[in-house]
Amino acid sequence: MVESLVKEYTGKLPVKLLGELKDKLTAQKINKTRAKKIFETTLQEYLDAQVAPGEAVGIIAAESIGEPGTQMTLNTFHFAGVSEMNVTTGLPRIIEVFDGRKNIATPMMDVYLKAPYNKGKDIRKLALLIKQSTLQDIIKEVNTDLMNGKIEVEILSAKLDDHGLAQAQLKKILEKGLKGVNVKIDGSLITLAPSSKESNLNDLYKLKEKLKKIHMSGLKGVTHVLPVKRDEEFVIMTAGSKLKEVLELEFVDETRTVSNDIYEIAENLGIEAARTAVMNEVFKVINAQGLTIDERHIVLVADMMCVTGGIKGITRYGIVSEKASVLARASFETPIKHLISAALTGEEDYLNSVVENVMINQPIPTGTGMPKLSTK
Amino acid sequence: MVEQQYVFREVKSIIFGMLSPKMIKQMSSIKVVTPELYDKEGYPVDGGLMDIRMGVIDPAIKCKTCGSKLKECTGHFGHIELARPIMHIKYAPLILNILRSICNECTKPMVEASKLKNIITSIEEGDEETTTTGRTKRTKGLVDGMKSTTKCPHCNAKQEKITIEKPTTYFEGEKRLSPIEIRTRLEKISDDDIQLFGLNPEHARPEWMILTLLAIPPVTMRPSITLESGERSEDDLTHKLGDIVRINQRLFENINAGAPEIIVEDLWDLLQYHVTTFFDNAVPQLPPARHRSGQPLKTITERIKSKEGRIRHNLAGKRTNFSARTVISPDPMLEIYEVGVPLITAMKLTVPEKITEWNIKHVKEYVKNGPKEYPGANYIIRPDEKKKKITDETKEQLLEEIEPGYSVERHLLDGDIALFNRQPSLHRMSMMCHRVRVLPGKTLRLNPAVCAPYNADFDGDEMNLHIPQTEEARAEAEILMQVQTQLISPRYGLSIIGCNQDALSGNYLLTSQLEFSHKEASDILYNIGVDDFSRLPKKDIVTGKELISCLFEKDFNFTGKSRDGNEVIIKNGKLIKGILDKANLGEGSGLLLRMLIKKYGEDKTILTLGQLYRLGIEILLRKGFTIGLADTDLPQKAEEEISQILAQAQVDSKDFIKKFHEGTLEVLPGKTAMETLELRILELLNKARDNTGRVVAQNANQTSPSMVMVKSGARGNIINLAQMAACVGQQALSGGRIGKGYKNRTLSHFKENDLTPDARGFIKNNFKKGLAPAEFFFGAMTGRDSLMDTALRTPKSGYLYRRLANALQDLKVNYDHTVRDANNKIVQFKYGGDGVDVSKSEGGVINVDEIIKSTQ
């Protein structure tokens, strides 16, 4: 019964509203005539709430985001108490997102895991597989044998296991990382000797420093991992973002894993995903600050940043540089540059947007300026 | 009457381009030949920089070119013939690119002929849609390719590398290229070839980038100021032009006299310097030209650039007449949509009133009153738009003269339309339309209910008032900007105007406990502007609920919740149950207001709201409302409980610290022992603070005015009260306890590595008892930190706002419901996906539940 009404109003009402009506009417067991009346009233209210043509929705969006900006905090907060894992929040984060920066201050990922892995068993091991690890992490002691010109490294075998490496693998990694060095592994003892005869003390010290930094396992750039329990499952939060590599891992749930690096998302998942990411990132901050901004405003900004198919920041190099009007660009930043280049190319400004018309004292082509009526 | 003809003119487009020497000559009215400005009598010299053929700045003289006076003549350009060609600094990088890309011998771009054709056609096709940045990028790629070519593909000539010594000296290999040589090369480039560099030959030929003639801006854009001493002070531009003319003449003389090449070149370079600084006085490699006082000259680039420059200051921002600004003060007796205007202001600000046969009689009264008597008039406007001031002398004659077709600028009257604004104008509610109410006094008055949208308070805030002067402007202001149309914020779809402060306390008291005699109740009603007492129950004692019910319509039904979660029921216009507090009357959620708007419309709501507001204040006025120290008094038992809680917290935290030092502290996953300790202690102390707060909430006098304010939502919360009565609590810096300061300790009062609450910013005293010195210092630390935060944040968020506004300003909803930008590019097919205007919705959605409820 409700279904037939839903069908009737499909196309007239937005899907979300139809779904809500359907759920609520079915739940409350409302008879047909009343249901019909409800649908009709909803439609009427929906139509009454439509935006008027000419409404400067862009300005309203800018105001709605700009005005509470003054109320946001500047602080960056420690992430779950781990001091090295900072998260940019508040105003700086919003600015970062809207700038469309390629390198963000604190890249992060929430890595969700597939069914058998997300129960918490071996979660640390899985996390370690993602984390960038160097030899340093498993070293117990390093001895420099000056007499024989070699270095002895004692490692913690248990930790090696944690990283999912066998000794043979470790040997390979070391040989690859340290060219021209003989690697011998005996139990938990690694002996490293430069193969060239004429090695001096200096080289030995250099080698000692170098070997600590050898990348052993995990994803380069993921500096910290932190398994946390979220609802009923375990999620690995990371500092450092390597979305592509993480999604390729077999135990990772690629449908839910997210990064906070919008560029990375655009590259790997496409522009629509990036648009959603912009919205989510902004909402995260706004909700954390306890502010309320309607989603339509943020959607509009996100849409504007992504319409061209790539991410365009709200800067003089991004959206503003795309404007057709010379005067509009000049009124933002670097006016001289725009005026000179306009003169060279003989640009014509058709005065289609707001500022140019303000400049020459003409009605602006939005709102009541749209109908082009002249009165006296 | 004569049929009037209206001409509507509109600028369709503006084309930018460079000035060619020919064009400069055409628009020039004079050739400037002497650096002198005035003769002995102080009259501008013929052929000088202040020549009156370039326009006039003296009201006594007429312009020699167009014959009009100051203000009518916008000025005319002149020109200088430069003795030698001079580089234009702004085109220097482009000239370098062109020189590098063309052959030194045959001046053709160094691309093979076959490729060239393709590129040109692709540019012509591409031009239609790609943006400027796109074009520049393409040109850059092209130029980069040609730059590195060492042999011309057309004539096989070997190419020397061309370098630039900034700002304007070019070298080919070792040899210096003079502007003359460069100019001859540029002249030879064909119109087709020049398009490769993104130039449009119609508007910009490359040789124009090297100046042979210099256009002199009109006198009107560089007026001289006469000081009190009678001394003339010239504009910076005139100074600079004087330098140019002087050196140019010297150069001419030297060349004609056949002076040695070195002298000529030196002068040439000097002329180049002057012309460069004339265009831009902030070129990195050049010392800026200065006044004798040492302050740098403001030349053309500086005039245009930045916030105070021509574009942002004068073109995008305008000044206005018919406006006023003073201090604001509150007046709840005004309606919310009104603004109180001081009498003296009302006599200065005017509204033009067109005289017709029907109003001539009373308009004449205004004229009769003149400018000094209210309500009078200041000017009359004749049909030919000539303004005449009304004075005692002209009054009689003007009274005779006026007839339909004239306009009179009459004083502001009650009910006139005005725009009211407070900076910073962060959202559209920062500028709303109010009705004028002329009042005695010298401040602008507003109802405190509209403080929220303006973000105003009365600690010295000033606000602006504007009087629209045309019928269209007034209509737009009234329909689109009046306060009642702005009740719902477009940011989140909830009301931003509502009761606040005393109005909330008052209505809370009224609906929760008060009773009045019938007589007093009707007195209150009359005082708040209600003269219909028929709704008041006819009995001796009237309860507060019955009193407030008089303000609602008889068919108003409402159920909601108050702040403490209890039900509020209004049935048939009667408040049956519940207390009206911030949840229903206040801004933000303001649910009751929401329902009023929906049911009775905005105009009715704003009146009701005004009455509710005044009712609240009237109650406080009659009953008295003062907070005092006694509000924070607690019973002995509660005091003991609080000290017990705090003592326990001390003991517990010491326990943690002990465990930490012994190494027996259970470490949380992913954290170090130190971090765990900090977290644990912080948790502990916050709990202790909350517990003391709870004790206060339970034991404080529930009927004390402080408590009433907290409960009604008028001001403050229970934490504020707890801080006064029990314990201030932990001071936090960047998310943790205070830790910085001296070596391993916060203040010199403490031992090193002291981790106890006292040494790390926990304030166990309350404000009533007073803080210990160290505690006070910790409070000051966090206070300073938050001040810093605000100071740093304001400019940052301001810039973000400016960028957003600039980027999004031309997005609008079109008639087909799509959201498009100025290029007509579609950004959204339907605004926000469903086309709902947030300010017409309820919190951004259509409230289905309410609809279901309403259709019984």
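Trainee: Which residues of helix H5 of chain A are called buried, and by what rule?

Mentor: Gly90(A), Leu91(A), Arg93(A), Ile94(A), Glu96(A), Val97(A) and Phe98(A) are buried in H5(A). A residue is buried if 20 or more other C-beta atoms, placed from the backbone, lie within 10 Å of its own; 12 or fewer make it exposed, and it is partly exposed in between. Please note that this is a predicted model, in which local features need pLDDT of at least 70 and side-chain atom pairs count only at pLDDT 80 or more, while totals for chains, interfaces and linings use all residues. Residues are numbered from 1 along each chain as its sequence is written, and chains are lettered from A and ligands numbered from 1 in the order in which they are written.

Trainee: Why is H5(A) described as largely enclosed?

Mentor: Helix H5 (residues 90-99) of chain A has ten residues and seven of them are buried, so it is largely enclosed by the rest of the structure. A helix here is a DSSP run of H or I with at least four residues, a strand a run of E with at least two, both numbered from the N terminus. Just after H5(A), Gly100(A) has a positive phi of about 65°.

Trainee: What do the buried residues of H5(A) pack against?

Mentor: In chain A they pack against helices H4 (57-69), H11 (262-269), H12 (271-288) and H13 (295-306), and in chain B against H25. Two residues are in contact if their C-beta atoms, placed from the backbone, lie within 7 Å.

Trainee: Which helix of chain B gives the largest share of its side touching chain A?

Mentor: Helix H25 (residues 773-808) of chain B does, with 14 residues. The contact as a whole takes 86 residues from chain B and 100 residues from chain A. The side of chain B consists of 38 nonpolar, 27 polar and 21 charged residues. Ala, Val, Leu, Ile, Met, Phe, Trp, Tyr, Cys and Pro count as nonpolar, Asp, Glu, Lys and Arg as charged, and the others, Gly among them, as polar.

Trainee: What makes strand S13 of chain A and strand S1 of chain B a pair?

Mentor: Pairing requires that DSSP find at least two bridges between the strands. S13 (residues 348-349) of chain A and S1 (residues 14-15) of chain B have two bridges, in the antiparallel sense. In this pair, Asp349(A) stands opposite Ile14(B).

Trainee: How many bridges join strands S15 and S18 of chain B?

Mentor: Three bridges join S15 (residues 417-421) and S18 (residues 462-466) of chain B, again antiparallel, and Leu419(B) faces His466(B) of S18(B). These strands belong to a closed barrel of six strands, S9-S17-S10-S16-S15-S18 of chain B, whose pairing is mixed. Helix H15 (residues 471-481) of chain B lies across S15 and S16 (431-439), at about 60° to S15(B). Such angles run from 0 to 180 degrees between N-to-C directions of lines fitted to C-alpha atoms, for helices over the stretch in contact.

Trainee: How does the radius of gyration of chain B stand against that of a compact globule?

Mentor: Chain B has 38 Å, whereas a compact globule of 856 residues would have a radius near 29 Å. The radius is taken over C-alpha atoms, and the globule rule is 2.2 Å times the number of residues to the power 0.38. The C-alpha trace of chain B spans about 110 × 100 × 65 Å along its principal axes, and 38% of its 856 residues count as buried.
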